[in-house]
Amino acid sequence: MPAKINNIQKSYLVRFDILENTIEVKKDKDEIIGLSKKANHTIKLLDGSERIFETKNFSNKNGDTLNGIFEQLHSDKVFLLFRKSRIKYQKAKPMKSSYEQAVPAKFIPLDDTFYVSFLKEGKSNGLIEVPQKKKSQKSFFGEYFPKIEKFVKHEKLVFNSDEDLVKILKYYSNLTKL
């Protein structure tokens, strides 16, 4: 897809490799390079969708710092919301007996994860994963969880929808006066 990378005036053709967590750039007819994982990049697609992707550092569940590709879903003065797409590669399974069929190798899409970055004086506090499970949401929202839960039920919102999550986080930021 054609895209602008960072503030470079020239547009390039880019391809996202979600499995390997890399962005490939076609520099010229025969040269394809991968963007460095050590630097953060902003990629704005020029296919009419105006989608923005960013490479950012984040912590996984084990506490390891990794670099990943995130789609920016919302941006304002209070918070930034990102989606991280995930995919898993399942190896081929050969036929063990005549009673079962061989299973070809395939890619299995996993549920997207959402990350939020709350802004204070225009500066980000880093990416925080937005929990999908109720138990984790209690610790995430703290003392505001009962109000958030009531708001979610009343408005019939879900935590795995882009638009609903923006509404929930706006409500939360109004409660906390972030």
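Is Arg83 buried or exposed? With a relative accessibility of 16%, Arg83 counts as buried, because the cut-off for that label is under 20%. Keep in mind that this is a predicted model. The theme here is charged side chains: side chains of opposite charge can pair when their charged atoms come close. The count for this structure comes to eight salt bridges, and a few of them are worth a look.

**Arg83 and its partner**
- Arg83 pairs up with Asp112 in a salt bridge, at 3.9 Å from N to O.
- Asp112 belongs to strand β9 (residues 106-120) and Arg83 to strand β8 (residues 79-90), so this pair ties together parts that sit 29 residues apart in sequence.

**The network**
- Arg83 and Asp112 also belong to a network of salt bridges, where they are linked with Arg51, Glu71 and Asp162.

**A link between two helices**
- Glu149 makes a salt bridge with Lys134, and their closest N and O atoms are 2.7 Å apart.
- That pair links distant parts of the chain, with Glu149 in helix α2 (residues 145-155) and Lys134 in helix α1 (residues 134-141), 15 residues apart.
- Both ends are partly exposed: Glu149 has a relative accessible area of 24%, and Lys134 comes in at 45% relative accessibility.

**Glu24 and Arg15**
- Glu24 and Arg15 form a salt bridge too, their closest N and O atoms lying 2.5 Å apart.
- Glu24 counts as partly exposed, at 23% relative accessibility.

Definitions and conventions:
Residues are numbered from 1 along each chain as its sequence is written. This is a predicted model: local features need pLDDT of at least 70, side-chain atom pairs count only at pLDDT 80 or more; totals for chains, interfaces and linings use all residues. Side-chain values use heavy atoms; hydrogens and water are left out. A salt bridge is a side-chain nitrogen of Lys or Arg within 4 Å of a carboxyl oxygen of Asp or Glu. Buried means under 20% relative accessible area, exposed over 50%, partly exposed in between (1.4 Å probe, protein chains only). Helices (H or I, at least four residues) and strands (E, at least two) are DSSP runs, numbered from the N terminus.
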